[in-house]
Amino acid sequence: MALSDEPAAGGPEEEAEDETLAFGAALEAFGESAETRALLGRLREVHGGGAEREVALERFREWMMNLLLDIVQDQTSPASLVHLAFKFLYIITKVRGYKTFLRLFPHEVADVEPVLDLVTIQNPKDHEAWETRYMLLLWLSVTCLIPFDFSRLDGNLLTQPGQARMSIMDRILQIAESYLIVSDKARDAAAVLVSRFITRPDVKQSKMAEFLDWSLCNLARSSFQTMQGVITMDGTLQALAQIFKHGKREDCLPYAATVLRCLDGCRLPESNQTLLRKLGVKLVQRLGLTFLKPKVAAWRYQRGCRSLAANLQLLTQGQSEQKPLILTEDDDEDDDVPEGVERVIEQLLVGLKDKDTVVRWSAAKGIGRMAGRLPRALADDVVGSVLDCFSFQETDKAWHGGCLALAELGRRGLLLPSRLVDVVAVILKALTYDEKRGACSVGTNVRDAACYVCWAFARAYEPQELKPFVTAISSALVIAAVFDRDINCRRAASAAFQENVGRQGTFPHGIDILTTADYFAVGNRSNCFLVISVFIAGFPEYTQPMIDHLVTMKISHWDGVIRELAARALHNLAQQAPEFSATQVFPRLLSMTLSPDLHMRHGSILACAEVAYALYKLAAQENRPVTDHLDEQAVQGLKQIHQQLYDRQLYRGLGGQLMRQAVCVLIEKLSLSKMPFRGDTVIDGWQWLINDTLRHLHLISSHSRQQMKDAAVSALAALCSEYYMKEPGEADPAIQEELITQYLAELRNPEEMTRCGFSLALGALPGFLLKGRLQQVLTGLRAVTHTSPEDVSFAESRRDGLKAIARICQTVGVKAGAPDEAVCGENVSQIYCALLGCMDDYTTDSRGDVGTWVRKAAMTSLMDLTLLLARSQPELIEAHTCERIMCCVAQQASEKIDRFRAHAASVFLTLLHFDSPPIPHVPHRGELEKLFPRSDVASVNWSAPSQAFPRITQLLGLPTYRYHVLLGLVVSLGGLTESTIRHSTQSLFEYMKGIQSDPQALGSFSGTLLQIFEDNLLNERVSVPLLKTLDHVLTHGCFDIFTTEEDHPFAVKLLALCKKEIKNSKDIQKLLSGIAVFCEMVQFPGDVRRQALLQLCLLLCHRFPLIRKTTASQVYETLLTYSDVVGADVLDEVVTVLSDTAWDAELAVVREQRNRLCDLLGVPRPQLVPQPGAC
């Protein structure tokens, strides 16, 4: 096996191996063991090539390594096989980590020199064999642990007089130093080797100072601004960190101060290389630990019981382990702290503020380790310095690093209970840390780390120590678990809450909350805000803190989705604490509506609307007005919001969109709340805002336009229902006249979005406003749905017009003989005509098939209207109307857009299976119910072509549906999506295969196909896919029965239609498809064949070279396929002319060869037609 054929190991798939899988791989037995053992045993046979060499190792075993090492140690193994074995060894070690496998390498005395020789012969510049070098260096590091002096292995170093070979000790050191500055992963293994080698008793005396001097010189000479400098510093720092980690303190202490000074000179914190900064922090903390004596601080806090099971058992017995905290004075309290410790701690504190998480994490661990060896007073100073990171002048990086450090200190018992007051205060702030940066915010990592601190505290302290803080911590964690924007923070808070419930046992209602707000439940943000929060707020301890948090933090959040969710959450929570919401929350929200901050204004207005509506619903349950909950000042404050915003011109500019949307929501909720504003001037102001918003929708950004439109329409519906009714069921005539006249006039506005808005507005009007004006409104909306040349691109206005018509029909209902009040026999045909007319809307623009929106709205509206009539007056549904509805929907159910096809199928089956009562006049109802049984409706995925087309093609057997279904299938079969083309083609062929023995059915099918062609002649949307469909069916012999008759009518008419379709066309795709059809038509004998050949000869001299070449190529293939087309005496010559002529040459040259072909094929030579006006 060549090394170059091997894929590089250590790729993303190995690196992303999940920890769970790694642990699962350590099981004693697994199902693939025998197979894997056999494959590894056959590695020698497989080597050299073959598919079996790619073995996926999903488990690892000691015997795997033994088998591979046997190959490595075999002297007869070729180098490529040895490299392959090392590749597999690397994969195995990568799964779990090299430390687990170091002990499995042979490490006897006899292994030292063979391994050393193997390393020596490696080429460091061979980029294909880096796994071999990496594994050999790790193996060599294990052999360095033998308890014998290396000098015993040297023997006689003087082989010849005057010539001495290097000792093993020197060879290993030379190899280690050379690999510390390479650019591949062998550098990491060299650092491990150095740490094991230099710290040996026989080596440290003679080589440690020399190696450290070499390392410090490398660091001093290298610069982190060059690539080679970064590589050198990386390897050197790794080696030094490993030495000071594994070496004995007394051996390393003499050099620690020197190394620290050199490290200071490297100025690593200024580097933009994350790894260098991390290694610098790692080395600094190891130097600090070298300065301090290894000891366990006697003053640290020790929790008695750390077993969760034992803790829970004590709780069930009604007691907890109350082990008193015993603080003893450190025996070495008076010992002087070495001078370098202060510099080390200072650098670690700087590392806590680093811009990269890995550096901050390493610094936090260093702070924890160092504090464990310091006297109590100095450790407390360190804690104070860490707490300084939580200043609001600091960045989010400092807050995150501070949280990590506090968690480490708490886990190690170095954060004494006396400090908890200060610590808990900053952690509570960190749990809600969210700083806006431009259009987003930072602080997710801070909140996540704060949850980790709470998790660590649960394990570190006795319940009585945290008891004073239980209320604050539990509320903060619940709030983070339910209301945090980011899913990882919600899940982290849920995990910390769970840990506190289990370890502390003092969190109020902990078990009940955990069963609802578990790890998976908090994954859905809407569910958290709107469902889980209501359950938790049912516990009084959490209700007010949750409401306060929403008002303080979330109402003014930078993310608009969070503001809206917070407002809706306040609506739900207000019902849990109505008195608190009315007296405390509502005044705060009203004051915030005048804030200069846009987000705060927006959120507070939404919240005012939601809370007011919630209080109304509570009052309505007791048949009381909302003013029983809200005082006069609050009601006046709500009424003045619009005027205050208008006076300050806050409806203009970039923030005007948010203000308009919020006030529209406010209008809707206050109207639904039946606020006592009838006859007040504020109603006119609200109506102006709604009208102005709908009129200027085109000025609103596209991403928020739909939300704005929906909000304004909903506000209008609520406003009219509450304040424009003069008597029950009667509208104020003046308002009705003004409103409907104005809205109908806006339907003719040249702006499409204005038409959209006012169409939906008319659809949202209550029934009493439409009474007596229904015909006028429907006429205006029908005009909007009509496609005219000047507004052909207004697909969205047609869509919204259709929605408005359907909604009006639902609003007014069905009533005989009242065309101006309800749907009846006099107007139902006009409504159906408008809806069915939109089923043929295939408008396209730069956005694609925008007619899809119109057709979908038309189908939905047809279904709603038909079901409405079926329930009340089914006799209004005429037979021809029902037939047209079902056929049009069936056509849409067979087209190419998946989600649209699924919607059409849903409408079709709903109409078919509706039985309250059944829809009258459904064509072929009995056959349809057999083809589409009610039991299969839910199980079929109509958006999947593989399931949809085999079912929809069965409708081709029903004469009523054949034309429309075939039209839809033609478009699908000639589409672009591979799966749609494949399954539609297969389904059509299956149907045609079934009717081959039925000439009448085949004739009817072919007639329908030709009728579709004739009806859609020169219609690019249908004609091009239809030509492709004809090519497919002719190629597969679906019409072979017609080839037995000379000049069959099908072939004659098809030829004539194809000639008309491609005449004077410049569409390349259409011409290519036409060429394929003409080639297939030569199989029909008689004049059809001669005319098809003539058309192909004409195309051989087409103006486009691509068309000429393609025609020649396809005619060549056709003549070889249908050998009876040309006589055997001229076939060879025809084929030669087609293949040897350069058809992309000049037309004069090509025309001569074309004419020669015409003579050979027996067709007349085409004559040049003089251009009009030619001289």
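Of the contacts in the protein with a separation of 6 or more, 72% join residues 24 or more positions apart, a contact being counted where heavy atoms lie within 4.5 Å. The structure is a predicted model, in which local features need pLDDT of at least 70 and side-chain atom pairs count only at pLDDT 80 or more, while totals for chains, interfaces and linings use all residues. Residues are numbered from 1 along each chain as its sequence is written, and side-chain values use heavy atoms, with hydrogens and water left out.

The protein contains 56 helices and six strands, taken as DSSP runs numbered from the N terminus (helices, H or I, at least four residues; strands, E, at least two). The C-alpha atoms fill a box of roughly 105 × 100 × 65 Å along the principal axes. The radius of gyration of the protein is 42 Å, whereas a compact globule of 1175 residues would have one near 32 Å; the radius is taken over C-alpha atoms, and the globule rule is 2.2 Å times the number of residues to the power 0.38.

Buried residues account for 54% of the 1175 residues, where buried denotes under 20% relative accessible area, exposed over 50% and partly exposed in between, with a 1.4 Å probe and protein chains only.

G413, which follows α20, has a positive phi near 75°.
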